[in-house]
Amino acid sequence: MCVLRHCDNPRCIRPDHRFLGTRADNVHDMIIKGRARYCRGEENGHHKLTEQDVQTIRQLLPWMEITLIGELFKVAPSAICSIKMNKTWKHLDPPTDSNEARYTVNN
Ligand SMILES: [Zn+2]
């Protein structure tokens, strides 16, 4: 159990501002109060690819197998597939130049 605060002031000791909750309640409270911060791309401490890698991968996708690109960048094929499907790294600028043809053809 955690002690949560209605006022979100970590120094507050007023008993009427406190309530008990689980860690899940704490995360939910953070989200509904707009305090959640989502780390995407290189901001995420677990990232294996850089923005430059992703741009290069997008350029390679029309020409190389997903598995080979994954081996080249030492990530799972599913990570490459997620880039291709625009599920991850979608905050980066959309593909340009040589990739435009691919996106036009596929869409
Ligand atoms: Zn308070």
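Tutor: Let us begin with handedness: a crossing is left-handed if the near helix is turned anticlockwise from the far one by less than a right angle, and right-handed if clockwise. This is a predicted model, and in it the crossing of α3 and α4 is right-handed.

Student: Which residues make the contact of α3 and α4?

Tutor: Helix α3 contributes I66, T67, I69 and G70, while α4 contributes P77, A79, I80, C81 and K84.

Student: What else describes two packed helices?

Tutor: Two packed helices are described by the angle between their axes and the distance between the axes. Here, α3 (residues 66-73) and α4 pack at an angle of about 115°, and their axes are 8 Å apart. Angles of 65 to 115 degrees count as roughly perpendicular, and α3 and α4 are therefore roughly perpendicular to each other.

Student: Which residues form the largest nonpolar core?

Tutor: That core has 7 residues, namely V54, I57, I69, A79, I80, I83 and W89. At least two of its residues come from each of α2 (51-60) and α4 (77-84), and the largest share, 3 residues, is supplied by α4. Not counting residues up to four places away in sequence, I57 touches I69, F73, I80 and I83.

Student: Is L92 buried, exposed or partly exposed?

Tutor: A residue is buried if 20 or more other C-beta atoms lie within 10 Å of its own, and exposed if 12 or fewer. L92 has 15 within 10 Å, so L92 is partly exposed. L92 lies in the loop between α4 and α5 (98-106).

Definitions and conventions
Residues numbered from 1 in each chain as written. Predicted model: local features only at pLDDT ≥ 70, side-chain atom pairs only at ≥ 80, totals over all residues. Core = buried A, V, L, I, M, F, W, Y, C linked by C-beta atoms within 7 Å. Helix = DSSP H or I, 4+ residues; strand = E, 2+ residues; numbered from the N terminus. Contact = placed C-beta atoms within 7 Å. Axes fitted to C-alpha atoms, helices over the stretch in contact; angles between N-to-C directions. Parallel < 35°, antiparallel > 145°, perpendicular 65-115°, else oblique.
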